[in-house]
Amino acid sequence: MNETHHTPPQYARPAHAEGSGLRARREFLRTVALGVAAVAAAPLLRGHAAHAAAQGGKSMLIVHFSHSGNTRRLAACIQRLTGGDSAEIRPLTPYPRDYDAVVDMAKQEQRRNVRPAIAPMQPNPADYDTLFLGYPNWWGTFPMPVATFLESYPVGGRTLVPFCTHEGSRLGKSEQDLRRLCPQARLLKGFEVRGSRVDGAEPAVKAWLTELGLI
Ligand SMILES: Cc1cc2nc3c(=O)[nH]c(=O)nc-3n(C[C@H](O)[C@H](O)[C@H](O)COP(=O)(O)O)c2cc1C
């Protein structure tokens, strides 16, 4: 991806910045535990999607990746408003919490166009008609685990609805990159908000979903 488009990320550091091995281990264990819980809940969630489809309703899955929580909170807002199901893209190796470390790592991954391994996703995105896809803007586009997701669970001709948090670059060139990775998808207009403004974003989210005819 072309880094000349990217705003150098010199944004506010998260207050919780820390990077101990203990924390990484705790995060790994949490990922495993969540994976087990998600597998246990999968039949219920698939039931929800099947029920929505049987009712003639739209079956929606809100997928997101988040490093420091902003995009996760935006995903939760979209889920509340749509009544869709949710799923998270979880890299098998969590990113460092230290700001400089994650900035460097993200830059390297983008330069090398790598596909970081992600945990298997439950519920299965293949069961849904409409996929929302949320991510933070990292160096002008989506983080590389999102590319792993798109190649692991191809969208095909289904509907893809991007949403993004950032600190000034908005959606960057992420929509262009989505179009390249998912050439057949019906790509709808994306939503963007500054990470620091997610908590007041519900009216704007509602207006966007209404405009798209999704609520
Ligand atoms: C590695 C990295 C790169 C970033 N690059 C950009 C960028 O190019 N443009 C921008 O506006 N914000 C950038 N940011 C800021 C994030 O997009 C913003 O803080 C976002 O809300 C974080 O979302 P999250 O809390 O869901 O991880 C970057 C942050 C990180 C950690």
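Before we start, keep in mind that the model is predicted: local features need pLDDT of at least 70, side-chain atom pairs count only at pLDDT 80 or more, and totals for chains, interfaces and linings use all residues. Residues are numbered from 1 along each chain as its sequence is written, and side-chain values use heavy atoms, with hydrogens and water left out.

**The overall picture**

The chain has six helices and six strands. Helices here are DSSP runs of H or I with at least four residues, strands are runs of E with at least two, and both are numbered from the N terminus. Reading from the N terminus, the order is α-β-α-β-α-β-α-β-α-β-β-α. Of the 215 residues in the chain, 46% are buried. "Buried" means under 20% relative accessible area, "exposed" means over 50%, and "partly exposed" is in between, using a 1.4 Å probe and protein chains only.

**Two cores**

A nonpolar core is a set of buried Ala, Val, Leu, Ile, Met, Phe, Trp, Tyr and Cys residues joined through side-chain atoms within 4.5 Å. The largest one here has 31 residues, and Ile 89, Leu 133 and Phe 149 have the most contacts inside it. The elements giving two or more residues to this core are β1 (60-64), α3 (99-112), β3 (130-136), α4 (144-152) and β4 (159-166). There is also a second, separate core of 18 residues, which includes Met 60, Ala 75, Phe 191 and Leu 214.

What does Leu 133 touch, leaving aside its neighbours within four places in sequence? Its partners include Val 63, Ile 89, Val 146, Phe 149, Leu 150 and Leu 178, as well as the run Leu 160, Val 161, Pro 162 and Phe 163.

Three of those partners, Val 146, Phe 149 and Leu 150, are among the buried residues of α4. This helix is mostly covered, with seven of its nine residues buried. The buried set is Met 144, Pro 145, Val 146, Ala 147, Thr 148, Phe 149 and Leu 150, and their cover includes β1, α3, β3 and α5.

**A cavity**

Rolling a probe the size of a water molecule over the atoms shows where empty space is left. On a 1 Å grid over the protein atoms alone, a cavity is a set of points where a 1.4 Å probe fits but cannot get out, and lining residues have an atom within 4 Å of a point. Grid points are joined across faces, edges and corners, and the volume is the space filled by probe spheres set on the points. The count comes to one cavity of 30 Å³ or more, and the volume of the largest cavity is about 30 Å³. Its lining consists of Ala 106, Glu 109, Gln 110, Trp 138, Phe 142, Pro 143 and Met 144. Helix α3 supplies the largest share, three residues. By class, the lining has five nonpolar, one polar and one charged residues. Here Ala, Val, Leu, Ile, Met, Phe, Trp, Tyr, Cys and Pro count as nonpolar, Asp, Glu, Lys and Arg as charged, and the others, Gly among them, as polar.

**Residues in the loops**

| Residue | Relative accessibility | Class |
|---|---|---|
| His 67 | 14% | buried |
| Trp 139 | 15% | buried |
| Arg 170 | 52% | exposed |
| Gln 184 | 61% | exposed |

His 67 sits in the loop between β1 and α2 (70-82). A polar atom of its side chain lies 2.9 Å from the backbone oxygen of Pro 96. Not counting residues up to four places away in sequence, His 67 touches Tyr 95, Pro 96, Arg 97, Val 102 and Trp 138.

Which residues other than glycine have a positive phi? Trp 139, in the loop between β3 and α4, has phi near 55 degrees. Arg 170, in the loop between β4 and α5 (174-181), has a phi of about 50 degrees.

Gln 184 is found in the loop between α5 and β5 (186-187). Its C-alpha atom is 7.9 Å from that of Val 155, although the two are 29 residues apart along the chain.

Finally, a cis peptide bond joins Gln 122 and Pro 123, with omega about -5 degrees, and Pro 123 lies in the loop between α3 and β3.

Definitions and conventions:
Contact = heavy atoms within 4.5 Å. 1 Å grid on protein atoms, 1.4 Å probe; cavity = no way out; pocket = protein on both sides within 12 Å on 5 of 7 lines; lining within 4 Å. Polar contact = N/O pair within 3.5 Å; in protein donor to acceptor, adjacent residues only side chain to side chain.
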